[in-house]
Amino acid sequence: MIELEGLTKRYGDKLAVDHLTCTVRPGIVTGFLGPNGAGKSTTMRMMLDLDNPTSGTVRIDGRHYRELRDPLRTVGALLDAKAIHGGRSAYNHLLCLAQSNGIPATRVREVLDTVGLTSVARKRAKGFSLGMGQRLGIAAALLGDPRILMFDEPVNGLDPEGIHWIRTLMKGLAAQGRTVFVSSHLMSEMALTAEHLIVIGQGRLLADTSMADFIARNSKSFVRMRSPEHERLRDVLSGAGITAAPGPEGGLDVTGEDAAHLGELAARHGITLHELSPQRASLEEAFMRLTAASVEYHARAGDDAPPDAGVPGEPPEGRPGWGADWRGKES
Ligand SMILES: Nc1ncnc2c1ncn2[C@@H]1O[C@H](COP(=O)(O)OP(=O)(O)OP(=O)(O)O)[C@@H](O)[C@H]1O
């Protein structure tokens with residue numbers, strides 16, 4: 001378990017991490033999300049005692065990192081896969097780590113095998129691809145067979161097979177009762193991997209909740225209906241007190257009603273439906289809604305607008321509708 005209490009880091013005027021209090025629990029994969037510059041890496045560095053907090057504490061299984069007798073056997077971390085001695089072979093890199101931490105050399109072969117680098121174990125790390133470097137970093141994190149694992153952007157540079165492999169690995173480690181804490185910008189991947197989420201923006205805690213709850217709270221779902229009898233369908237819905245917003249390709253988007261009820265209503269009036277599909281928001285949409293106000297680096301010309309958040313006729317809370325600025329100027 002990792003416990004943060006009032007964790008704060010200030011760099012000059014910049015408050016990189018702002019009174020962060022949360023707990024990363026064992027037995028599940030916890031995702032760590034935040035826009036660029038939100039303070040994720042700074043938080044992870046402080047967790048590993050690589051950076052001193054300005055105030056607040058981090059406890060690893062109840063202790064400060066520097067009080068751990070065998071840190072590598074307690075916490076394994078992948079922070080920066082490029083932080084290796086390029087002239088050393090993968091085997092020697094891991095052997096050095098093992099020897100300086102009282103870990104038997106036999107473990108080096110085991111972790112090389114786990115990450116699929118056995119065939120290149122004697123090759124110098126500087127010739128490794130990005131994905132191979134990530135695998136070597138993961139091997140180093142696993143070396144001490146630790147109860148707690150932290151991965152900063154572990155899927156960076158991995159191909160689809162590699163991404164699938166690390167997802168399975170992380171879920172397997174969590175299923176063994178370990179604490180697994182992982183940051184990633186790949187939302188679709190995070191949605192498949194993490195059960196719990198900690199989301200920060202400008203150093204502050206924005207959410208600490210289950211994946212399902214996070215998506216449900218930060219997005220709205222609706223039902224998309226399409227019919228060759230568009231006008232009749234709209235009249236029937238309206239007659240039943242149901243408001244439908246125009247959707248793409250002549251569809252009608254209805255919020256606040258379940259698909260079965262809408263289907264039955266259409267059937268009672270003999271209306272043919274070509275589409276009756278519940279639309280669930282994705283983690284990416286929910287994340288962009290929640291963090292819109294705390295994004296530090298915006299792209300120009302509105303490229304920071306969220307994708308169609310799927311909420312008919314309604315802009316994300318706290319921000320104008322996409323194109324509102326342009327429409328305002330035109331009128
Ligand atoms: N050594 C440093 N000196 C000064 N400012 C720093 C330092 N390290 C980080 N920062 C600032 O602190 C803030 C948080 O940075 P951090 O790298 O922790 O964010 P992040 O969430 O990991 O971002 P990304 O997703 O882009 O990796 C940023 O504004 C960054 O510029």
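Biologist: Before we start, how are residues numbered, and what does the model's confidence limit?

Modeller: Residues are counted from 1 along each chain as its sequence is written. The model is predicted, so to speak of local features we need pLDDT of at least 70, side-chain atom pairs count only at pLDDT 80 or more, and totals for chains, interfaces and linings use all residues.

Biologist: In which order do the strands of the open sheet lie?

Modeller: Helices (H or I, at least four residues) and strands (E, at least two) are DSSP runs, numbered from the N terminus. Two strands pair if DSSP finds at least two bridges between them. Here an open sheet of six strands has the order β5-β6-β7-β3-β8-β9, and its pairing is mixed. The edges are β5 and β9 (204–210), each of which pairs on one side only. From one strand to the next, the twist averages 15°; angles run from 0 to 180 degrees between N-to-C directions, and axes are lines fitted to C-alpha atoms, for helices over the stretch in contact.

Biologist: Are the faces of β5 buried or exposed?

Modeller: A residue is buried if 20 or more other C-beta atoms lie within 10 Å of its own, exposed if 12 or fewer, and partly exposed in between, with C-beta atoms placed from the backbone. In β5, both faces are covered: V75 and A77 on one side, G76 and L78 on the other, are all buried. For β6, five of its five residues are buried. I148, M150 and D152 point one way, while L149 and F151 point the other way.

Biologist: How should I read two packed helices?

Modeller: Two packed helices are described by the angle between their axes and the distance between the axes. Take helix α3 (residues 90–100) and α4: their axes come within 9 Å and cross at roughly 130°. They are therefore oblique to each other (under 35 degrees is roughly parallel, over 145 roughly antiparallel, 65 to 115 roughly perpendicular, and the rest oblique).

Biologist: Which residues of α3 and α4 meet?

Modeller: Two residues are in contact if their C-beta atoms, placed from the backbone, lie within 7 Å. A90, Y91, L94, L95 and A98 in α3 meet R107, V108, V111 and L112 in α4. By class, that contact has eight nonpolar, no polar and one charged residues. Ala, Val, Leu, Ile, Met, Phe, Trp, Tyr, Cys and Pro count as nonpolar, Asp, Glu, Lys and Arg as charged, and the others, Gly among them, as polar.

Biologist: At what angle do α4 and α5 cross?

Modeller: The axes of helix α4 (residues 106–115) and helix α5 (residues 130–142) cross at roughly 135° and come within 9 Å. That makes α4 oblique to α5. V111, L112, T114 and V115 in α4 meet R135, I138, A139 and L142 in α5. This contact divides into six nonpolar, one polar and one charged.
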